[in-house]
Amino acid sequence: TTDDLQGPAGAQWARKLGFESVYVVDDNDAYGIGIARLFEAEAHDLGLAVIGSKSIVNDVTDIDALAREIASSSAALVYYGGITPNGGPELLQALRTYATTTQFMGPDGIFEQDFITRAGDASNGVYITAVGAPPEEFDSPGAALFLEKYEATYSSKPDVFGALAYEATKVTIDAIRRARSTERKMVLSELRATRNYPGMFGVWSFDQNGDTTQTLMSGNI
């Protein structure tokens with residue numbers, strides 16, 4: 001699922017959770033800026049009060065000062081559009097000092113162990129959206145087989161990205177078989193032509209832009 005859906009999904013989830021005000025922060029990179037602006041636009045449409053919007057510019061933005069500004073704004077939620085290394089965990093830790101009741105939400109750019117390690121106890125209760133969903137949420141034969149083999153091999157459950165990587169590999173192998181060739185141009189042509197693929201997350205296709213028609217999103221706490 002593409003991030004033009006993930007940003008708005010975060011705002012919809014925030015509204016469903018009962019938040020009425022939000023302060024939007026991005027990490028000043030393309031991914032973070034894009035997803036933050038999409039979240040913000042949807043928040044406006046849903047009637048969430050966007051109290052403020054600011055970028056974390058590495059080595060320039062004073063995260064402590066930003067946390068104090070957010071705390072004084074009385075925003076109920078902070079939405080961080082960005083990735084773990086670009087200041088998200090540090091902002092969250094500072095927020096827990098000045099705004100103990102303010103909640104924190106982010107996209108799959110922080111959906112990783114490194115975020116928890118960097119943020120420590122401050123990461124408890126963080127809301128995170130992700131494209132796709134854990135494979136254990138599906139009852140398809142493909143999902144069940146993937147879970148069985150993964151857990152037998154690694155003695156742990158796969159995350160969302162592991163499942164998506166597996167699905168992507170299977171689709172690519174299918175395109176190679178259809179192309180009856182490993183020539184790049186032919187494989188890419190068949191890959192783009194994938195339609196009604198019976199994957200572990202359901203039946204899906206690639207559209208005219210090369211994006212998946214799968215619109216599945218999940219929320220994680």
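The buried residues of helix H6 pack against helix H7; buried here means under 20% relative accessible area, exposed over 50% and partly exposed in between, with a 1.4 Å probe and protein chains only. Helices (H or I, at least four residues) and strands (E, at least two) are DSSP runs, numbered from the N terminus. Keep in mind that this is a predicted model, where local features need pLDDT of at least 70, side-chain atom pairs count only at pLDDT 80 or more, and totals for chains, interfaces and linings use all residues. Residues are numbered from 1 along each chain as its sequence is written, and side-chain values use heavy atoms, with hydrogens and water left out.

**Helix H6**
- The buried set in H6 is Ala 143, Phe 146 and Leu 147. Seen down the helix axis, they fall within an arc of 100 degrees, so they line one face of H6; the arc is that of the directions from the axis to the C-beta atoms.

**Helix H7**
- H7 runs over residues 160-179, and its 20 residues reach 29 Å from first C-alpha to last, close to the 28 Å expected at 1.5 Å a residue. That expected span is 1.5 Å times one less than the number of residues.
- Val 160, Ala 163, Glu 167, Val 171, Ala 175 and Ala 179 are buried in H7. They cover an arc of only 150 degrees around the axis, which puts them on the same side of H7.
- Their cover includes strand E5, H6, helix H8 (184-192), strand E6 (197-199) and strand E7 (202-204).
- Arg 180 follows H7 with a positive phi, near 55 degrees.

**Strands E5 and E8**
- E5 (residues 127-131) and E8 pair in the antiparallel sense over four bridges; pairing takes at least two DSSP bridges between two strands.
- Thr 129 stands opposite Gly 219 in E8.
- On E8 (residues 217-220), Ser 218 and Asn 220 make up the covered face, while Met 217 and Gly 219 are on the uncovered one.

**Whole protein**
- There are eight helices and eight strands in the protein.
- Of its 221 residues, 43% count as buried.
- The C-alpha atoms fill a box of roughly 60 × 40 × 35 Å, taken along the principal axes.
- Counting contacts (heavy atoms within 4.5 Å) between residues at least 6 apart in sequence, 69% join residues at least 24 apart.
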